[in-house]
Amino acid sequence: MEKICIIHINFNFSGTNVNNILELLKNEVAQIEYDRYIKHLIYDEKNSKNNKLVFIAPNTLAQNWVKNRYSSKIKEICELNYSLDVDIEIILKGQEKIKKNTPEKQKPQLHSLLNPSHTFDNFIVGGSNQFAYAAIKSISEKPGVLYNPVFIYGGVGLGKTHLMQAAGNVLQNRGKVVIYTTVEQFLNDFIRNVRNKSMEKFQEKYRKCDVLLIDDIQFLSNKETIQEEFFHTFETLKGDGKQIILTADKHPKKIAGLEKRLQSRFEHGLVADIQPPELETKIAIIKNKCELNKVKLSSDIINYIATVIESNVREIEGILSKLHAYSKLMNVDITLEFTKNVLRDQLNENKINLTLDSITQNVAKDLNIKSSEIKSKSRSKNIVYARRIAIYLCRELTQTTMPQLAQYFNLKDHTAISHTIKKIQELLKDDEDFKVKIDELTNKITSAV
Ligand code: ADP
Ligand code: MG
């Protein structure tokens, strides 16, 4: 599924200038990154007109990568070398065609469609989500009867939308009229209908459906008019025995600026949370996504990804497609080393957010001691054990130098740190249980960021 994408930059340039820019960019990025992304950009002179510079990149991955990582650098180079303030736009070649042929005024989209791949079969159930899964599954069998509404809450990328839509897909296939919408789309639809004086149409639509799925309810917060409208929609549907499923990033009680009557109605149904997936669930999800996307990964790599990526399943999907695309693009097998390389930036982002204090506190909590004890001079066995683990994880998960670590842990000098790290590395090699323990701790610490 190789796509060609096009990068637009607003200014006037010849091919030679553009090559110069790319050459200048070469000095600013690592060779490996240059070879991977920049080298494959092709200047599209035909599409470049007044104030527009177009590059063709070999796939969406490179498109996004260049857009996110290098557009500001390209901007800088243009500014410094050509005194031009440029805007950067990136689009896919396919999309560009669609853009040209689409009439200016598009019909406004009333609400999103259900994603057909969001099914129960594709949803991996583990301890972190089994309650929410069971609740949604049961109402997909008996809508409007068991629990109404069902309110699912939890962090980003944990599968709330997927689950809600899985029920939507089942019920739609059974001939029910299902509306899936986000609060934002609901609000836009409302405003449009108020403006067009067609509120009866709006009410007919939302109050006459069989199943109403509303995503990201937290965005109702402090929006009184739409809360009022939603309240009446809710009451009508519920009164008629029609199923309502809602999601949010937090418990209804914790959504500030939400009317009391809505809050109590949400709580009156079934409220289920989704927690970040445990290591085993993450591994199962990765295996499942690999199967779905026909990506082959060894268990080493799967374990590595599961340990390194915190909780967001969307992030895991992103990594898999990155790995897949890179290996195709560069025609290499996906090895552990290769995976580590690809994940380097991701890891660095996580590392930025981790502090020595948070790591030490997590280790102390996990091993049932005080974090002050870890940093003390105590030689008692369990404290030495915790200290060693904390030192190892601080070194692994942050970019702190050994002398800095020695200072933090109140040790004489960096040799004590390197000695500890060597010890832990040996243990990791020999003791499978210890390795699992460290993996779990790493997982906990990085998920908490
Ligand atoms: P949320 O709505 O909670 O932010 P999504 O439902 O959009 O998260 O999930 C993000 C991505 O992760 C989706 O592609 C979804 O299919 C996938 N996903 C999340 N949890 C699971 C799971 N338990 N099993 C399989 N895929 C999952
Ligand atoms: Mg969602």
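This is a predicted model: local features need pLDDT of at least 70, side-chain atom pairs count only at pLDDT 80 or more; totals for chains, interfaces and linings use all residues.
Let me begin with the ligand. Ligand 1 is surrounded by 18 residues, of which the closest are G157, T161, H162, R314 and E317. The protein covers 91% of the 550 Å² of accessible area that the ligand has on its own, and the elements giving two or more residues to the shell are α6, α11 and α13. A nitrogen atom of ligand 1 also has a polar side-chain atom of K289 at 2.9 Å. By class, the shell contains 6 nonpolar, 8 polar and 4 charged residues.

Turning to the cores, the largest nonpolar one has 43 residues, and those touching the most other members are Y70, I286, L297, I305 and L323. Among the elements that each supply at least two residues to this core are α11, α12 and α13, while α3 gives the largest share, with 7 residues. Apart from its neighbours within four places in sequence, I286 contacts I302, I305, A306, I316 and L320.

Finally, consider T307, which sits in helix α12 and counts as buried because its relative accessibility is 8%. Its side chain reaches the backbone oxygen of N303 at 2.6 Å, and, leaving aside neighbours within four places in sequence, T307 is in contact with L279, D439, T442, N443 and T446.

Technical notes: Residues are numbered from 1 along each chain as its sequence is written. Chains are lettered from A and ligands numbered from 1 in the order in which they are written. Side-chain values use heavy atoms; hydrogens and water are left out. Helices (H or I, at least four residues) and strands (E, at least two) are DSSP runs, numbered from the N terminus. Buried means under 20% relative accessible area, exposed over 50%, partly exposed in between (1.4 Å probe, protein chains only). A polar contact is a pair of N or O atoms within 3.5 Å; within protein, one must be able to donate a hydrogen and the other to accept it, and residues adjacent in sequence count only if both atoms are side-chain atoms. Contact means heavy atoms within 4.5 Å. A nonpolar core is a set of buried Ala, Val, Leu, Ile, Met, Phe, Trp, Tyr and Cys residues joined through side-chain atoms within 4.5 Å. A residue is near a molecule or strand if one of its heavy atoms lies within 4 Å of it. Accessible areas come from the Shrake-Rupley method with a 1.4 Å probe; for residues, only the protein chains shown count as cover. Ala, Val, Leu, Ile, Met, Phe, Trp, Tyr, Cys and Pro count as nonpolar, Asp, Glu, Lys and Arg as charged, and the others, Gly among them, as polar.
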